[in-house]
Amino acid sequence: MLSHLLHLEGIDSVVLESRSRDRVEQRQRAGILEQGTVDVLRASGVGDRMDRQGLVHEGIELRFDRECHRIDFPSLTGGRAVMVYAQTEVVKDLIARRLADGGHVLFEAEATAVEGISADGTSADKMDGGRPTITFRHGDAEHTLRCDVVVACDGFHGMGRRCVPAGTLHTWTRTYPFAWLGILADVPPSCDELIYARHERGFALHSMRSPTVSRLYLQVTPDADLADWSDERIWDELEARFAVHSDWNLERGPITEKGITPMRSFVAEPMRHGRLFLAGDAAHIVPPTGAKGLNLAVADVTLLARALTRWFADGDHAAVDAYSQTALRRVWRAEHFSYLMTTMLHPDPEAGDFECRLQLANLRYTVASTAAATVVAENYVGAASA
Ligand code: DHB
């Protein structure tokens with residue numbers, strides 16, 4: 001996305017992707033697009049397929065105590081909604097567009113070192129001096145790239161953040177006493193909108209990728225082993241957790257993929273060191289409840305593309321210098337919302353009966369009070385001010 005936005009401003013970039021094209025185009029991640037994300041994709045000319053195939057969702061369901069409660073987005077957020085369009089498809093559209101525009105996207109290109117990032121700041125008169133270099137392996141050869149800036153968009157486990165000198169970054173990490181077991185199934189979704197269910201047996205989420213493919217999740221223990229989860233056990237557990245008093249059925253179908261996702265909150269500050277910028281998961285991780293990861297990453301690079309454009313075009317580095325602080329306000333808002341959704345909906349196996357009752361009281365209040373429902377709605381659609 002960043003490479004595409006920079007290209008539209010006439011700024012050259014090279015994308016070093018350590019994985020294969022196939023791998024990045026298949027990897028399952030949440031695909032709920034906020035209005036702001038949809039707007040950027042459309043405005044930059046990569047929203048056509050999303051507009052044809054994406055599903056506009058105007059609400060979610062919160063399910064607890066065997067009852068269904070709907071949170072309506074437009075009425076609570078001044079008309080906003082979200083778009084269900086799989087992240088794999090966003091990635092495919094962006095790769096196709098960069099390649100069609102003659103962009104440099106190198107797959108299976110492993111960066112091994114980044115040097116010279118803090119040789120100077122961003123002052124325009126030093127633009128020619130001390131440019132950073134990236135060393136990377138591609139094919140059998142080692143290459144060196146000399147750049148004006150390096151942006152680490154390489155995820156939590158990437159090497160980008162580790163290039164910042166020790167002691168310069170402040171980090172926060174929170175782990176949760178559970179994980180998600182996710183499945184992809186070739187079956188039409190059993191619902192029109194996503195269902196976030198809290199049950200004594202644990203949280204469950206019914207999401208979807210298309211009118212014929214469902215994506216479902218179960219709260220499991222962090223040490224859960226996929227080998228213990230047969231397809232039948234997964235469907236039985238999902239059925240138990242989604243059960244309601246009314247007439248509702250969970251359709252089963254062939255499971256095409258299974259995986260376990262750990263849950264973590266993480267933030268690294270600042271999101272810049274000299275000429276190295278951090279964006280997306282390289283700088284922050286949210287637990288998946290609320291589907292904020294992709295949206296935060298798009299927000300980071302949209303901000304950064306604008307800031308870099310001003311810097312490269314006329315030497316104005318005010319926006320580049322403000323990047324970290326500006327991005328982090330939205331990051332912490334999303335950190336709070338993801339934490340809120342996670343702790344509201346997952347029974348904590350280590351907590352007692354008191355916490356359990358508080359959780360239910362909070363859920364009842366969330367669906368009964370317009371003020372409380374608005375907190376969920378405006379954060380979910382990405383309209384909450386940071
Ligand atoms: C999905 C994942 C989420 O974490 C979420 O909150 C909503 C949807 C998904 O994979 O579709």
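**Close-up 1. Asp65 sits in the loop between strand S4 (59–64) and strand S5 (67–72).** This view, like the others, comes from a predicted model. Phi of Asp65 is near 55 degrees. That is a positive value in a residue other than glycine. Most residues other than glycine have a negative phi.

**Close-up 2. A cis peptide bond joins Glu269 to Pro270.** Omega is about -10 degrees here. Pro270 lies in the loop between strand S16 (255–269) and strand S17 (272–273). Most peptide bonds are trans.

**Close-up 3. Helix H9 covers residues 318–345 and bends at Ser324.** The bend is about 40 degrees. H9 has 28 residues. From first C-alpha to last, H9 reaches 41 Å, close to the 40 Å expected at 1.5 Å a residue.

**Close-up 4. The second largest pocket holds about 520 Å³ of space.** Its lining counts 26 residues. Nearest the centre of the pocket lie His346, Pro347, Asp348, Pro349 and Gln359. Strand S12 (170–185), strand S15 (213–220), H9 and helix H10 (353–368) each supply at least two lining residues. H10 gives the most, with five. By type, the lining divides into 11 nonpolar, eight polar and seven charged residues.

**Close-up 5. Confidence along the chain, with a view of residues 122–129.** The chain averages a pLDDT of 94, and 97% of the residues score at least 70. Over residues 122–129, the pLDDT is below 50. This stretch has 16 contacts in the model beyond near neighbours in sequence. Where pLDDT is low, the predicted coordinates should not be read in detail.

Methods. Residues are numbered from 1 along each chain as its sequence is written. This is a predicted model: local features need pLDDT of at least 70, side-chain atom pairs count only at pLDDT 80 or more; totals for chains, interfaces and linings use all residues. Side-chain values use heavy atoms; hydrogens and water are left out. Helices (H or I, at least four residues) and strands (E, at least two) are DSSP runs, numbered from the N terminus. The expected span of a helix is 1.5 Å times one less than its number of residues. The bend at a residue is the angle between axes fitted to the seven residues ending there and the seven starting there. On a 1 Å grid over the protein atoms alone, a cavity is a set of points where a 1.4 Å probe fits but cannot get out, and a pocket is an open set with protein on both sides within 12 Å along at least five of seven lines; lining residues have an atom within 4 Å of a point. Grid points are joined across faces, edges and corners, and a volume is the space filled by probe spheres set on the points. Ala, Val, Leu, Ile, Met, Phe, Trp, Tyr, Cys and Pro count as nonpolar, Asp, Glu, Lys and Arg as charged, and the others, Gly among them, as polar. pLDDT is the predictor's confidence in each residue, from 0 to 100. Contact means heavy atoms within 4.5 Å.
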